[in-house]
Amino acid sequence: MYSYEWDKKTRGYKLTTQTGKFVASEIRPVFADELSLFHADRYFQYDHSEARPLMWAKQNTYFYNGEECAKAKITEDGNFELIPEKTDTKVKILPCDIDGMVARNNKIMDSLIADTKKRIKEMYDQYQSQCDITYIGFSGGKDSSVLLDLCHQVLPISVPVIFSDTDMELPSTYVFWDLIQKNYEARPFVKVKANRSAVENWSLFGPPSQNLRWCCAVHKSTPAILYLRDLSDIPAARTLAYVGVRADESIRRSSYDDIGDGLKNQNQINAMPILSWGTQELFLYIFSKKLVINDAYRKGLPRVGCLLCPMSSDRQLNIIRKLY
């Protein structure tokens, strides 16, 4: 929704509604775990136990204090290296002033949060009477974490959170699933799975590919549909699903409205209240609310999904091979 510009005062960024000279693409925080994985301590001096972001990254380009400082490269032997712009001196890296960055973005973020919560309530009031059951979808990433926290403030406490465990999740996602429930103890949390394991289904259908992504239907959609059918005791239950879909994630999603009827399931209405949020706004929200995040982000993965997703980038797959 908003662009951003670098903020040297906090070593972070400021959201902006201005046009002109600003950085246009999405960014993500870079933590000590990722720098260590990329052997950055050869060139940078930093506290290896620091929990706050030390840099920011756009794809394989890294920024410190608002300036490009390094690029990530994968060597021929499969190892990772962070190659700095200057190699003659070892640069001392200080963490981002998170509290200062949050404070300098409060005005824009407060407005965005209020509008999003209002939209969540509007969606519920308009569509829940047309549906047999409402639920909040959870996948283990930053999008679903922010969505859950916003929905928790607006939706009835009886609305459950449903996690479709594909049996191919990152190990850190299972840890995150257990941790996040402690913050919303009164709300129901449900994990659903396919009857057969991922390994069994791979042997039956072959491995998922970009052209034949049967995995989502078999391991995500169908288990949730079957659970909701049993929960409502209605064979063709109509559902209102709050999902953490964002327009920035793909060209196809950029054309979505924030309410979609029958996009993936003819009996489901998808409510997408954070559709227009950017990554920069998601992380500001996470930092401001001190939400727990999936540990995979600290290790350098820009997205959280299945271990062996056919849609993953080479960089994503290489990091996953290295870590897991």
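Me: Which residues in α6 meet which ones in α7?
Reply: In this model, which is a predicted one, A198, N201, W202 and F205 in α6 meet W214, V218 and H219 in α7. Sorted by class, that contact has 5 nonpolar residues, 2 polar ones and no charged ones.

Me: And at what angle do the axes of α6 and α7 cross?
Reply: The axes of α6, residues 198-205, and α7, residues 214-232, cross at roughly 145° and come within 12 Å, and the crossing is right-handed.

Me: Switching to the sheet, what is the strand order?
Reply: The sheet is an open one of 6 strands, in the order β12-β11-β10-β13-β15-β14, and its pairing is mixed. Because β12 (189-193) and β14 (259-261) stand at the edges with a single partner strand each, one side of each is left without a neighbour in the sheet. On average, and with direction ignored, neighbouring strands of this sheet are turned by 30° against each other.

Me: OK, how does β14 pair with β15, parallel or antiparallel?
Reply: The pairing of β14 with β15, residues 268-271, is antiparallel and runs over 3 bridges; within these strands, D261 stands opposite I269 of β15.

Me: Which helix packs on that sheet?
Reply: Helix α3, residues 106-127, packs on the sheet and touches β10 (133-138), β13 (239-242), β14 and β15, with a direction that makes about 175° with that of β13.

Me: What about β13, which strands does it pair with in the parallel sense?
Reply: β13 pairs with β10 in the parallel sense over 4 bridges, where L240 is the bridge partner of T134. 4 bridges also join β13 to β15, again running parallel, and there Y242 stands opposite A271 of β15.

Me: What is Y13 in contact with, neighbours within four places aside?
Reply: With those neighbours left aside, Y13 is in contact with Y4, E5, W6, D7, I27, W56, M101, N105, Q280, F283 and L284.

Me: New topic: which residues of α10 are buried?
Reply: In α10, residues 314-323, the buried residues are R315, Q316, L317, I319 and I320. These buried residues pack against β3 (28-30), α1 (32-37), β6 (61-64), β7 (67-74) and β8 (80-84).

Me: Last one, where is L291?
Reply: L291 lies in the loop between α8 (279-289) and α9 (295-298).

Me: Does L291 count as buried or exposed, and why?
Reply: L291 counts as buried because its relative accessibility is 14%, and the cut-off for buried is under 20%. Leaving aside neighbours within four places in sequence, L291 is in contact with S145, D149, Y184, Y285 and I286.

Me: And how far apart are the C-alpha atoms of L291 and N183?
Reply: The C-alpha atoms of L291 and N183 are separated by 9.0 Å, although these residues are 108 residues apart along the chain.

Methods
Residues are numbered from 1 along each chain as its sequence is written. This is a predicted model: local features need pLDDT of at least 70, side-chain atom pairs count only at pLDDT 80 or more; totals for chains, interfaces and linings use all residues. Side-chain values use heavy atoms; hydrogens and water are left out. Two strands pair if DSSP finds at least two bridges between them. Helices (H or I, at least four residues) and strands (E, at least two) are DSSP runs, numbered from the N terminus. Axes are lines fitted to C-alpha atoms, for helices over the stretch in contact, and angles run from 0 to 180 degrees between N-to-C directions. Contact means heavy atoms within 4.5 Å. Buried means under 20% relative accessible area, exposed over 50%, partly exposed in between (1.4 Å probe, protein chains only). A crossing is left-handed if the near helix is turned anticlockwise from the far one by less than a right angle, and right-handed if clockwise. Ala, Val, Leu, Ile, Met, Phe, Trp, Tyr, Cys and Pro count as nonpolar, Asp, Glu, Lys and Arg as charged, and the others, Gly among them, as polar.
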